[in-house]
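My entries follow in the order I made them.

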Amino acid sequence: MIRLPVADQLIGRVPVLWRALAAILILGGLILMLVQSRARILSAGTEVKLATAPVDPRDLFRGDYVILNYKISTLDPAALDGEKALHRNQTVYVRLAPAADGFAEARGIYLARPTTAAGESVIEGRVTSTGSCLAGADGEPDCDLGTRAIRVAYGLESYFVPQGTGGAIERTERKRIEIIAAIAPSGQAAIKRLLIDGKLVHREPPY
């Protein structure tokens, strides 16, 4: 009976140096794919304007950052088109359209990418919690309105800025801050620009 060498034996015959080089090439290739994917989103994605609420900044190892909370982060499925019963960790697609003030607002939430009308876009997110307090007119959670809201994360919740500037952004009034996000046809999104009072503060380079 012929015994074929197992994978461990074959790998063991490859010199350590070549194995290390192969691992570096594979890792480098994966990083390059991620960078290229993000660059495509920033350069070719549909732009939407999002109202934000910055929270505590600081990562001593990577410079300053701001944690961002969006109006579209808290959604009431009962008031939107699409799915009504959603669960934590589900991937969802939120249909967006510009409101009268120019900021994107949610029009529907779905488990599969929906069709859109002119001027609309679809952003992919993940349900992080259910049974949350609904947001009041000021955007703050108000449990007196009910607790049927869901929280959705879009991968836009952390934004790194030059060291020493995160605190200034954190102290800025929420209504003065805008985020311009780019959304790819797949629904993936990336932060493109951060503005205060309509003026550019940070622009994210594609690379």
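I began at the hairpin of β11 and β12, where two residues lie between the strands and Asp-197 takes a positive phi near 55 degrees. Strands here are DSSP runs of E of at least two residues, helices are runs of H or I of at least four, and both are numbered from the N terminus. I note that this is a predicted model, in which local features need pLDDT of at least 70 and side-chain atom pairs count only at pLDDT 80 or more, while totals for chains, interfaces and linings use all residues. Residues are numbered from 1 along each chain as its sequence is written, and side-chain values use heavy atoms, with hydrogens and water left out.

**Pairing of β11**

I checked how β11 pairs with β12 (residues 199–203) and found four bridges in the antiparallel sense; two strands count as paired if DSSP finds at least two bridges between them. Leu-195 stands opposite Leu-200 in β12. In total, β10 and β11 (residues 189–196) run antiparallel and are joined by seven bridges. These two strands form a hairpin with five residues between them, and Gly-187 in that turn has a positive phi of about 105 degrees.

**Burial**

Is β10 enclosed or open? I found seven of the seven residues of β10 (residues 177–183) buried, so the strand is largely enclosed by the rest of the structure. Buried means under 20% relative accessible area, exposed over 50%, and partly exposed in between, with a 1.4 Å probe and protein chains only. Ile-177, Ile-179, Ala-181 and Ile-183 point one way from β10. Glu-178, Ile-180 and Ala-182 point the other way, and these too are buried. I then checked β11, where eight of eight residues are buried. For the protein chain of 207 residues, the buried share is 38%.

**Whole chain**

I counted three helices and twelve strands in the protein chain. Among its contacts (heavy atoms within 4.5 Å) with a separation of 6 or more, 61% are between residues 24 or more positions apart.

I turned to the largest pocket, which holds about 840 Å³ of space. The search used a 1 Å grid over the protein atoms alone: a pocket is an open set of points with protein on both sides within 12 Å along at least five of seven lines, a cavity is a set where a 1.4 Å probe fits but cannot get out, and lining residues have an atom within 4 Å of a point. Grid points are joined across faces, edges and corners, and a volume is the space filled by probe spheres set on the points.

The pocket has 33 lining residues, and Lys-71, Ile-72, Ala-135, Gly-136 and Gly-139 lie nearest its centre. β6 gives the largest share of that lining, four residues.

How many cavities of 30 Å³ or more are there? I found one. The largest cavity has a volume of about 30 Å³. Its lining consists of Lys-49, Leu-50, Ala-51, Tyr-70, Lys-71, Ile-72, Phe-103 and Ala-104. β1 gives the most to this lining, with three residues.
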